[in-house]
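Subject: Handing over a structure, with notes

Hi there,

Here is the structure I promised to pass on to you. Please open it first, and then read on for what turned up in it.

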Amino acid sequence: MRSLGYIYLALQSIRAHMLRSVLAVTGIVIGIAAVLIVVAVAEGARAEISRQINSLGSNLLLVQPGAQNAQGVRQQAGTVLSLTTTDALALAREVPDVVIAAPFVGGQKTVIARDLNWSTLVAGVTPEFFEARGWRIAEGQLFNQDQVASVAKIAVIGRTIARELFRGGDPLGRFIRIDRTSYVVVGVLAEKGQDFTGRDQDDVIFIPLSSARIFATGRSQANPDAVHTILVKTDSAQSMTTVGGAIADVLRQRHRIMGHKDDDFRIQNLIQIAQTRDRTYRQFTLLVSALAGISLLVGGIGVMNIMLVSVSERFNEIGIRLAFGARPQDIRRQFLLEAVLLCTIGGLLGLIVGYACARVVPSALGWPIEFNEGMALIAIACSSLVGTIFGLLPAERAARLDPAVILRSV
Amino acid sequence: MTSLVALEHIHKQHRFGSQSVHALSDVTMQIDRGEFVAVVGPSGSGKSTLLSIIGCLDRPSSGSYFLHGQDVLVQSRRRWSELRNRRFGFVFQNFNLLPRLTALENVGLPLFYRRDRLRNPIARARAALDRVGLGSRMQHMPSQLSGGEQQRVAVARAIVNEPDLLLADEPTGALDTSTRDTILSILAELRRGGLTVMLVTHDAEVAGRAQRTIGLRDGAVVDDSKTSCTSSTSTVSEF
Ligand SMILES: Nc1ncnc2c1ncn2[C@@H]1O[C@H](COP(=O)(O)OP(=O)(O)OP(=O)(O)O)[C@@H](O)[C@H]1O
Ligand SMILES: [Mg+2]
């Protein structure tokens, strides 16, 4: 009842100086909006990364051709096709922690199904590839080792291909032309969505590795056995850190790389790639956090300023209240509550602005965001905290007022 | 029987910088229950200072003050708030209503700050407004009321907690004679109901209604006289 009275009073005096109050809380609005964007992006990134880590399949390494030194990639990956199918076989055979080593060739191709065409990634793989990624078939079936050995003209397609080339019709048994060869669709993979680079993982056609060698994707003049990538699956998460060395040893030996000469391949951890991406988010988050901090500080000072003005304008009111029995703590509570309420209004406006910004800005950058009900709580908690901190001084000043002023104000 | 208010050798110095003004010097007086006391004196003689010390709005520099025989000056700040809330009712020359509250809410202000919960504070505030004849203007804002009506609201606010002592600092100073008389008759009515009233005035007419007149000059009591006839105006000639 009494606290309701205080809220009523606070709202009344805020309303009495509407424009001034709104201007005073601008900083809070921006600050809270920034806080919410930070949280939304951080939440989005976190959710995305855990989604990716799930979709990447666990314990995966990529071995790709190309030199690498301590500073990172020196040579564009894939310019020299130094890895071969036999390298993949050797890794699976010679490195104890390697469970699967799946070779992969691929390239962007325009493919045709009857009168529709589509530009997509055409990849040549062996059945181990699907096993390593943990990808499941939704319709039809995957191809097997025999079909790879017999250079079968068959294809397993992603959901996007099924949608774009067959327009909702049943793709199984239909033909897709890639270069001058026709492939019959034997399977459609379960939908996977985007990967961490934003690429549609369902926009892909898989054909047997052997068949892919027919066209230029997988063919190197120097080395007809060359592959673009070897996907390595280790037996456990722990071996991820140590297995890289063992893989490098085997490949250096096979490629006759001696002493301090650079590797002609590089080993990447998929989770590390995802985490590198996470670092970009974190930089953005840090920047916006700084903005949030500064805005809240400026906003808080703005509110403190307006509250100090309000206190000195209302000496008479305070004097009257004191004369009729208000205790200093009653006055303190009244002004503190007013500051908190003012900031909370700013926080709620910030919630709206932050929500709008979090909708527009990160999605324009192609970033995932997560906005949930907890954000309203964060907005209210942050803004009322700012209100409490910056309301203390004005409230204290009001509470210290000498009630005798009331008889002097005539 | 102990007096309602007993001041002994009260001094009050206002200090600002190196300057110091002796607003009250060696004031000793008693006020008994039911009295109607007028305080008169030239401007700057310390009338308001006296009122603010009696009403626990300000502390004397030295001396002692007993309210119902109890030493006021040893009480805590909290207790002083409570005394202001329950023992005193203030009326000011410029009404001092809170502009953003309705008449009823203004009257309810002392109830809002009561430590104990009243069962029906609104009825209580309404009753106080009825006593000053403004029962029909409860929802009016101060700006919608005339000066005389505002002062009546202020009187209702001063009496809503049934104080021991009504302290009025030139309550009719800002009013014309007819509204002044309305206020004075309300005060007279309250006094008949047993309320003790102490008012500061420059107006001989108003002082003449009082039963006792205290004259101040340069912070000292120079006159303290009882008037036998409460309606006479001729006995006051001090100023
Ligand atoms: N806060 C203060 N600081 C300094 N001097 C003060 C203060 N309050 C009052 N005084 C001085 O104390 C003296 C008494 O003031 P007080 O207000 O009691 O006079 P008053 O009799 O009420 O005068 P008036 O009739 O003009 O209202 C005056 O000289 C005044 O200037
Ligand atoms: Mg005065």
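A word on terms before anything else: two residues are in contact when they have heavy atoms within 4.5 Å of each other. Helices (H or I, at least four residues) and strands (E, at least two) are DSSP runs, numbered from the N terminus. This is a predicted model, in which local features need pLDDT of at least 70 and side-chain atom pairs count only at pLDDT 80 or more, while totals for chains, interfaces and linings use all residues. Residues are numbered from 1 along each chain as its sequence is written, chains are lettered from A and ligands numbered from 1 in the order in which they are written, and side-chain values use heavy atoms, with hydrogens and water left out.

**Chain A**

Chain A has 13 helices and 11 strands. Of its 410 residues, 51% count as buried (under 20% relative accessible area; exposed is over 50% and partly exposed in between, with a 1.4 Å probe and protein chains only). Among contacts in chain A between residues at least 6 apart in sequence, 77% join residues at least 24 apart.

The unreviewed UniProt entry places the feature "transmembrane region" at residues 21-42, 284-311, 335-355 and 375-393 of chain A. UniProt positions are given in the numbering used here, feature names are shortened, and annotations may be inferred rather than shown by experiment. In the model, residues 21-42 of chain A are 95% helix and 0% strand, with the end C-alpha atoms 31 Å apart. Residues 284-311 of chain A are 100% helix and 0% strand, and there the end C-alpha atoms lie 40 Å apart.

One residue to look up is A:Ala24, which sits in helix α2 (residues 18-24) of chain A. With 10% relative accessibility, A:Ala24 counts as buried. Leaving aside neighbours within four places in sequence, A:Ala24 is in contact with A:Gly299, A:Gly302, A:Val303 and A:Ile306.

Helix α4 (residues 85-94) of chain A has A:Thr85, A:Asp87, A:Ala88, A:Ala90 and A:Leu91 buried. The buried residues of α4(A) pack against β3 (98-113), α8 (209-212), β10 (229-234) and α9 (239-254) of chain A.

In helix α1 (residues 47-54) of chain B, 7 of the 8 residues are buried, so the helix is largely enclosed by the rest of the structure. Among the buried residues of α1(B) are B:Lys47, B:Leu50 and B:Ile54.

Most residues other than glycine have a negative phi. B:Cys56, however, has a positive phi of about 60° although it is not a glycine. B:Cys56 lies in the loop between α1 and β4 (62-67) of chain B, and at 0% relative accessibility it counts as buried. B:Asp218 also has a positive phi, near 50°. B:Asp218 is in the loop between β9 (212-217) and β10 (220-226) of chain B, and is exposed, with a relative accessible area of 63%.

Axes are lines fitted to C-alpha atoms, for helices over the stretch in contact, and angles run from 0 to 180 degrees between N-to-C directions. Angles under 35 degrees count as roughly parallel, over 145 as roughly antiparallel, 65 to 115 as roughly perpendicular and the rest as oblique.

How do helix α5 (residues 147-159) and helix α6 (residues 177-192) of chain B cross, and within what distance do their axes come? The axes come within 9 Å and cross at roughly 15°, which makes α5(B) roughly parallel to α6(B). In this contact B:Gly148, B:Gln151, B:Arg152, B:Val155 and B:Ile159 of α5(B) meet B:Thr179, B:Thr182, B:Ile183, B:Ile186 and B:Leu190 of α6(B).

Helix α3 (residues 103-112) of chain B and α5(B) have axes that come within 7 Å and cross at roughly 30°, so α3(B) is roughly parallel to α5(B). The residues making this contact include B:Val107 and B:Pro110 of α3(B) and B:Ala156 of α5(B).

With helix α4 (residues 121-131) of chain B, the axis of α3(B) comes within 9 Å and crosses at roughly 115°; α3(B) and α4(B) are therefore roughly perpendicular to each other. Residues that meet there include B:Leu104 and B:Leu111 in α3(B), and B:Ile122 and B:Leu129 in α4(B).

Happy exploring!
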